[in-house]
Amino acid sequence: MSSHLVARVILLTGPSGSGKSSLAARTGLPILRLDDFYKEGGDPTLPALPSGIGTDWDSPASWKADAALAAVAELCATGRTDVPEYDLSSSSVTGSTAVRLDGAPLFIAEGIFAADIAARCAGLGLLADALCLSRGAVTTARRRFVRDLREGRKSVPFLLRRGWNLMRAERHIVARHSALGAHVCDRDEALERITGARYEPIPVRV
């Protein structure tokens with residue numbers, strides 16, 4: 001028996017600090033924050049840094065891909081889902097909240113691991129587009145540091161060390177997102193593709 005989805009998803013990814021959140025807000029579409037699906041600090045399955053000291057929060061193994069996919073699927077099917085509220089500074093879930101589409105036929109799911117569920121979203125007929133923002137390693141590093149310092153996400157030494165490592169790895173990060181199915185683009189092209197997706201019909205799911 002076939003059924004109509006009520007919405008489709010645009011997955012928005014890119015290096016940390018590339019402007020995903022600000023772009024998502026600019027579209028005016030409902031937003032699902034995929035970073036809220038990080039594992040908590042005490043989770044024994046968290047990956048370690050190559051040095052063996054500390055957690056590698058930039059590894060997709062630090063993220064609950066299955067839970068994020070389930071939330072995306074529920075939003076596409078029903079227009080509502082409950083999601084955790086995650087505090088990055090303490091690496092813990094502090095509550096939960098409801099995300100509602102209120103009739104919108106399209107929503108943005110944004111986060112640094114969004115591309116990791118692109119193939120599965122496409123296979124389920126949920127995907128309208130998958131985009132990877134790329135603004136240049138230096139620009140991204142500057143934006144990331146200012147944001148993380150303002151929000152008190154981690155200690156300054158941690159932010160400096162992480163920022164340097166991410167800046168050096170940015171080309172490989174973007175290439176990984178592309179290999180997972182995300183279209184690499186700047187902000188203006190991303191906005192054009194999102195605008196175009198608004199007018200595509202929602203498919204029937206069999």
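Predicted model: local features only at pLDDT ≥ 70, side-chain atom pairs only at ≥ 80, totals over all residues.
User: Are Ser91 and Asp102 buried or exposed?

Analyst: To read burial, look at the relative accessible area: under 20% is buried and over 50% is exposed. Ser91 comes out at 8%, so it counts as buried. Asp102 has 72%, so it counts as exposed.

User: Let me step back to the whole chain. How many helices and strands does it have?

Analyst: There are six helices and nine strands. Of the chain's 206 residues, 44% count as buried.

User: Could you show me a pair of residues that are apart in sequence and tell me their distance in space? What about Ser96 and Pro84?

Analyst: Ser96 and Pro84 are separated by 12 residues in sequence, and their C-alpha atoms are 4.2 Å apart. Ser96 is part of strand β5. Setting aside neighbours within four places in sequence, Ser96 touches Val83, Pro84 and Glu85. Ser96 counts as exposed, at 57% relative accessibility.

User: Now the interior. Why look for groups of nonpolar side chains?

Analyst: In soluble globular proteins, nonpolar side chains tend to be buried together. In this structure, the largest nonpolar core has 37 residues, and those touching the most other members are Val9, Leu11, Leu32, Leu34, Val72 and Phe107. β2 (8-13), α2 (65-78), β4 (80-87), β6, α3 and β7 each supply at least two residues of this core.

User: Which element gives the most to this core?

Analyst: That is α2, which contributes seven residues. Apart from this core lies another one, of 15 residues, including Ile10, Leu12, Leu106 and Ile194.

User: Which residues is Leu32 in contact with, leaving aside its neighbours within four places in sequence?

Analyst: Leu32 has these partners: Phe37, Ala71, Val72, Leu75, Val83, Val99, Phe107, Ile108, Ala109 and Glu110.

User: Next, charged pairs. How many salt bridges does a search of the whole structure find?

Analyst: The search finds six salt bridges. To read one, check the distance between the closest N and O atoms, then see where the two partners sit. One of the bridges joins Asp36 and Arg33, whose closest N and O atoms are 3.2 Å apart. Asp36 is buried, with a relative accessible area of 8%, while Arg33 is partly exposed at 39%.

User: What parts does the salt bridge of Asp116 and Arg176 tie together?

Analyst: In this bridge the closest N and O atoms are 2.6 Å apart. Asp116 lies in the loop between β6 (106-110) and α3 (118-123) and Arg176 in helix α5 (residues 156-179), so the pair links parts that are 60 residues apart in sequence. Both partners are partly exposed: Asp116 has a relative accessible area of 23%, and Arg176 has 33%.

User: And where do Asp129 and Arg193 lie?

Analyst: Asp129 and Arg193 also form a salt bridge, with 2.9 Å between the closest N and O atoms. Asp129 is in strand β7 (residues 127-133) and Arg193 in helix α6 (residues 187-197), so this pair ties together parts that are 64 residues apart in sequence. Asp129 counts as buried at 13% relative accessibility, whereas Arg193 counts as partly exposed at 31%.

User: Finally, how much space lies in the second largest pocket?

Analyst: It holds about 370 Å³ of space. Its lining has 15 residues, and the closest to the pocket centre are Leu49, Pro50, Asp56, Asp58 and Asn165.

Notes
Residues numbered from 1 in each chain as written. Heavy atoms only, no water. 1 Å grid on protein atoms, 1.4 Å probe; cavity = no way out; pocket = protein on both sides within 12 Å on 5 of 7 lines; lining within 4 Å. Points joined across faces, edges and corners; volume = space filled by probe spheres on them. Salt bridge = Lys/Arg side-chain N within 4 Å of Asp/Glu carboxyl O. Buried < 20%, exposed > 50% of the residue type's maximum accessible area, 1.4 Å probe, protein only. Helix = DSSP H or I, 4+ residues; strand = E, 2+ residues; numbered from the N terminus. Core = buried A, V, L, I, M, F, W, Y, C linked by side-chain atoms within 4.5 Å. Contact = heavy atoms within 4.5 Å.
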